[in-house]
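Here is a short tour of a protein model, written for someone new to structures. Keep the picture open while you read.

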Amino acid sequence: MRRTLFILLLGVLPLIAQESASPDSLRSILQNNPGDSIAVEVLLQLSGHYAGSDERSARSYIDSALFLAREADYLHGEVRVFETLASLHKRNDLYDSAVFYYNLCLQLEDQNGNIENQVRLLRDLGIVHYFQGDHLKALDIFRKRLQICEEKDDLSCISSSSNNIAVLLTELGNYEEAIRYNLRSLKIDEETGNQRGVLASHNSLGTVHYYLENYDKSMEHYQKMLDICLALGDQQLNVSYALNNIAGIHYKRKELEKAVEYYERSLEIEKEYGNKVGIAIKYDNLGAVYQDMGDLVRAEDYYVKALALNEETKNFEGVSSNKYKLAELYARENNYPKAITWYLQALPGATESGRLELQKNIQEGLAKTYKAIGNYRMAYESYEAFMQLKDSLLNEESSRQIASLEARYENEKKEREIKLLNQERELNEIRLAEQEAMVQQRSMQRNLLVGGILSVLIVSLLLLRNYQLRLKAREKINQKNKEFEAMRSSFFAGISHEFRTPLTLISAPVNELQQKYGADRDTNWTLQLIKRNANRLLRLINQLLDLSKLEAGKLRLQVSKDDVVHWIRLVAASFESLAVNRDIGFSTQIPEKPFSMFFDREKLEQIVVNLLSNAFKFTPVHGNVALRVIHEGDQLIIEVKNDGDPIPEEERAKIFDRFYQVNDKGRRAEGSGIGLALVKEFCELHHGQVYVTIKGAWTVFMVSLPADDTVYANDDQVELKEKQEENDHQASEEMLPVLPDVPESKSTVLVVEDNADLRSYIEHQLAPEYMILTANDGKAGFDKAIEEIPDLVITDVMMPEMNGIDMLEMLRKDIKTRHIPVVMLTARAEKENRLEGIEKGADHYLSKPFDAEELKVRVKSLLTQRERVRDHFYHEFLTTPKIENITSADDQFLKNAVDILDINLDDSDFMVDRFAHDLGMSRAQLHRKMKAIAGCSTTEFVRNYRLKKAHEYLKGKKGSVSEIAYTVGFNNLSYFTRSFRELFKINPSEVVPDTG
């Protein structure tokens with residue numbers, strides 16, 4: 001839909017048009033020997049007739065036009081041919097080829113100085129880059145077009161270019177800048193009386209304000225768009241588009257009846273024009289509205305109609321979306337078998353179209369539905385797939401941010417672009433040479449009918465020449481590809497080296513600080529944390545450098561003879577605590593007897609570490625990982641295996657490819673995808689091999705290395721290093737800081753974070769002022785919050801088992817914990833992520849990396865704010881006769897508590913235990929809840945409520961002092977009088993009754 005919208009906004013027409021003249025009449029013109037320029041145009045019109053129906057004939061006419069234009073030295077004709085080829089490739093979604101031909105046209109028109117054609121070609125080139133998904137490149141093209149239009153002082157061109165730029169800025173989320181360009185376009189078109197341009201500007205502005213949730217402004221622009229369409233009289237489809245958007249605004253505002261009215265008006269227009277795609281969209285929108293209205297029968301009917309039309313028009317993305325919505329509808333009706341059926345039907349289409357967000361939603365729906373029917377195994381598999389897709393979306397987002405790194409190398413980039421342009425020019429010449437050869441070949445084939453032996457000889461020579469040209473072309477293309485690969489490797493190596501400099505400037509000062517302040521346990525722990533994570537980054541960077549060296553053929557082993565089993569045993573030992581933390585069984589079978597052989601210690605360590613890390617990553621809780629080392633003849637065998645979901649057969653051949661990640665159900669798509677690739681490369685450098693097999697429930701990785709010293713005769717041999725590198729897989733227990741004892745009277749903060757280092761860091765920062773509780777995932781965090789009722793929760797968003805958003809939602813639903821302030825930590829600080837957390841009830845967001853002082857200030861501020869609310873409540877509770885006058889986020893809990901007290905008001909035996917039982921809490925939970933909300937104990941709350949009711953009865957003259965005392969649950973009159981005087985500073989007998 002976005003692609004269609006973009007075309008509508010730009011007002012673009014296809015370049016290959018169906019002319020009114022028939023193919024026969026056009027061929028008749030050619031037979032009359034028209035001039036070269038006319039013949040070229042006629043041939044291009046003929047190609048247009050066959051475009052989309054007979055591509056071979058269309059290409060044949062284009063080739064003939066190119067040959068004729070070159071024979072006649074008709075440069076404009078060549079440009080028209082290349083422009084037609086570009087349009088043909090664009091129509092067939094061959095965007096790279098379209099970009100090539102559009103750039104070629106621009107080069108030729110630049111030589112001719114034809115500015116008018118350059119402006120048109122830049123527009124079409126920008127559209128192709130948009131279809132490729134390269135919005136930044138498209139934006140750059142349209143800015144260049146605008147600059148030319150401004151130099152020409154062409155107002156119409158300036159307006160259309162500004163509108164195009166506004167559309168792209170809207171796509172990129174730069175709404176403020178988009179509005180500025182839209183207003184410029186609108187002003188020009190209003191001054192020049194270009195109503196169609198004004199229409200496009202109002203459309204764009206309506207869209208921007210819709211995204212900004214400025215619905216009044218958006219409605220205003222869409223209404224103006226409607227008025228212009230009605231005035232022009234030939235804009236019915238734009239009328240339908242405006243009506244649809246107005247309906248969307250009503251839907252967002254929950255004005256569902258209005259939304260139905262406008263969607264149906266839009267639907268009538270689409271039906272009048274027979275626009276099946278538009279009809280399907282309106283059916284789908286109406287289904288969503290009726291679903292929200294609770295009319296599930298109508299919703300189902302519209303979804304089914306939309307599904308049928310999308311299947312008819314082969315709109316497979318729409319088909320998957322409709323099936324998913326039907327599944328959601330049936331799940332809402334608790335018709336779980338039907339829901340599962342539709343979810344499973346929707347999944348293949350979503351997978352084929354690459355729509356990760358829809359796949360994620362389907363897997364989430366399946367997990368919830370399977371759980372509802374008690375099929376916990378399938379629910380677990382769907383939930384794992386859901387988490388994997390969430391991680392994939394996160395990785396996809398991270399990949400897009402790599403563009404910011406390239407900006408730091410702008411000068412290098414410009415130089416590379418110059419080289420690439422030169423290479424493209426050479427490739428263009430090669431392709432043109434091939435085309436010339438093909439045209440000559442076809443011409444000679446026709447002459448074979450009349451040329452006899454001489455023609456055969458000429459054709460043979462031309463074929464030989466053509467073959468030689470093709471060979472040279474392939475050689476040049478292969479050479480260029482190698483240069484491209486070398487440039488890419490150089491780029492990664494450059495980035496990696498740039499990272500090493502700041503890492504050095506982190507590690508070196510940390511070492512100095514450790515030497516200077518290492519005696520202080522807390523300081524040493526903090527420095528060790530910095531150093532450990534800097535080392536992790538350094539390992540990742542070294543892997544990138546190793547890949548670059550491998551591609552350049554410069555990575556060589558540095559082998560030395562040593563006890564290999566001892567070295568492997570040291571590496572394996574570093575994973576024992578990880579196994580304990582993950583609750584995974586880890587067994588090793590390593591020979592006790594030393595065995596010496598030549599090997600590169602660093603590379604062998606990376607082989608074993610990557611295999612074990614991979615095994616632990618894909619092993620479920622309570623699963624098993626095993627390491628076995630065997631010396632058989634002249635081979636050393638290293639076997640790493642784990643149980644859990646096996647790798648699918650079709651994936652096994654690809655897992656050692658660079659940057660490839662297994663994307664199977666039950667597996668998380670995480671990591672860089674280079675670990676196993678390096679394992680394979682390092683094994684081959686050791687003259688060995690690695691392969692993977694499935695044995696029952698086990699996934700087995702087998703490494704075979706030669707133990708023969710002679711195989712390393714040509715490798716550099718160095719002395720074995722004495723000092724082992726420090727293992728930074730985890731923090732040493734003895735390095736953890738000593739946290740100060742905190743009085744129980746202080747506020748309690750629960751920290752929920754799956755990263756042990758970060759969890760420990762936060763705990764260390766807050767421990768001096770608060771009582772700290774910790775949990776390593778969302779489920780454990782929720783259980784601890786229910787049990788302990790902390791004063792504040794700090795939680796990460798992305799966590800295993802249960803993420804922070806789901807935990808927050810559960811906290812807000814439970815009456816025991818809904819009052820607790822929650823601070824969320826996230827690496828994703830986009831507006832939509834923050835809005836999701838805030839909608840679920842988060843009190844504050846902090847983006848990673850965060851400042852420790854800011855965290856402390858936020859925690860203190862939220863707790864202080866909570867204390868003010870509590871004090872205000874307590875004051876109101878004592879002075880306001882009716883509890884209903886007090887409003888807060890915990891009104892329902894307070895109402896329940898007061899209702900129970902009112903029922904048992906005259907029961908002097910009604911104590912705290914019964915009160916807690918009736919509220920569905922333990923005595924301790926109720927005590928902490930009352931402290932958090934009212935600032936008093938449960939006993940004080942009950943007693944003060946009884947006294948407040950007594951005060952109310954005395955003012956209403958509803959009995960004597962003794963009668964009212966017994967009515968509110970006091971069986972000791974003197975205790976009642978003393979308590980009343982302490983609370984209200986007067987005796988019960990001194991209360992002045994109301995006279996009204």
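Two strands pair if DSSP finds at least two bridges between them. Helices (H or I, at least four residues) and strands (E, at least two) are DSSP runs, numbered from the N terminus. Before going on, note that this is a predicted model, where local features need pLDDT of at least 70 and side-chain atom pairs count only at pLDDT 80 or more, while totals for chains, interfaces and linings use all residues. Residues are numbered from 1 along each chain as its sequence is written, and side-chain values use heavy atoms, with hydrogens and water left out.

**The whole protein**

The protein holds 39 helices and 13 strands. Of its 996 residues, 46% count as buried; buried means under 20% relative accessible area, exposed over 50%, and partly exposed in between (1.4 Å probe, protein chains only).

Five strands make an open sheet with the order 2-4-5-7-6 and mixed pairing. Its edges are strand 2 (585–589) and strand 6 (689–695), each of which pairs on one side only. On average, neighbouring strands here are turned by 15° against each other, direction ignored. For such angles, axes are lines fitted to C-alpha atoms (for helices over the stretch in contact), and angles run from 0 to 180 degrees between N-to-C directions.

Here is how some of the strands pair up:

| Strands | Direction | Bridges |
|---|---|---|
| strand 2 and strand 4 | parallel | five bridges |
| strand 5 and strand 7 | antiparallel | nine bridges |
| strand 6 and strand 7 | antiparallel | seven bridges |

Helix 24 (residues 564–573) lies across strand 2, strand 4 and strand 5 (635–643), running at about 175° to strand 4. Helix 26 (residues 601–617) lies across strand 2, strand 4, strand 5 and strand 7 (698–706), at about 20° to strand 5.

**The cores**

A nonpolar core is a set of buried Ala, Val, Leu, Ile, Met, Phe, Trp, Tyr and Cys residues joined through side-chain atoms within 4.5 Å. The largest one has 115 residues, and Phe 82, Tyr 343 and Ile 362 have the most contacts inside it. Helix 6 (residues 95–112) gives the most to this core, with 10 residues. A second, separate core of 42 residues includes Ala 579, Val 608, Leu 611 and Leu 676.

Contact means heavy atoms within 4.5 Å. Leaving out residues up to four places away in sequence, Tyr 343 touches several others, among them Tyr 324, Ile 362 and Leu 366.

Why should helix 12 (residues 215–232) span 26 Å? Because each of its 18 residues counts for 1.5 Å, with the expected span being 1.5 Å times one less than the number of residues. The end C-alpha atoms of helix 12 are 26 Å apart, which agrees. Its buried residues include Tyr 215, Met 219 and Cys 229, and what covers the buried ones includes helix 11 (195–211) and helix 13 (236–252). After helix 12 comes Gly 233, whose phi is positive, near 85°.
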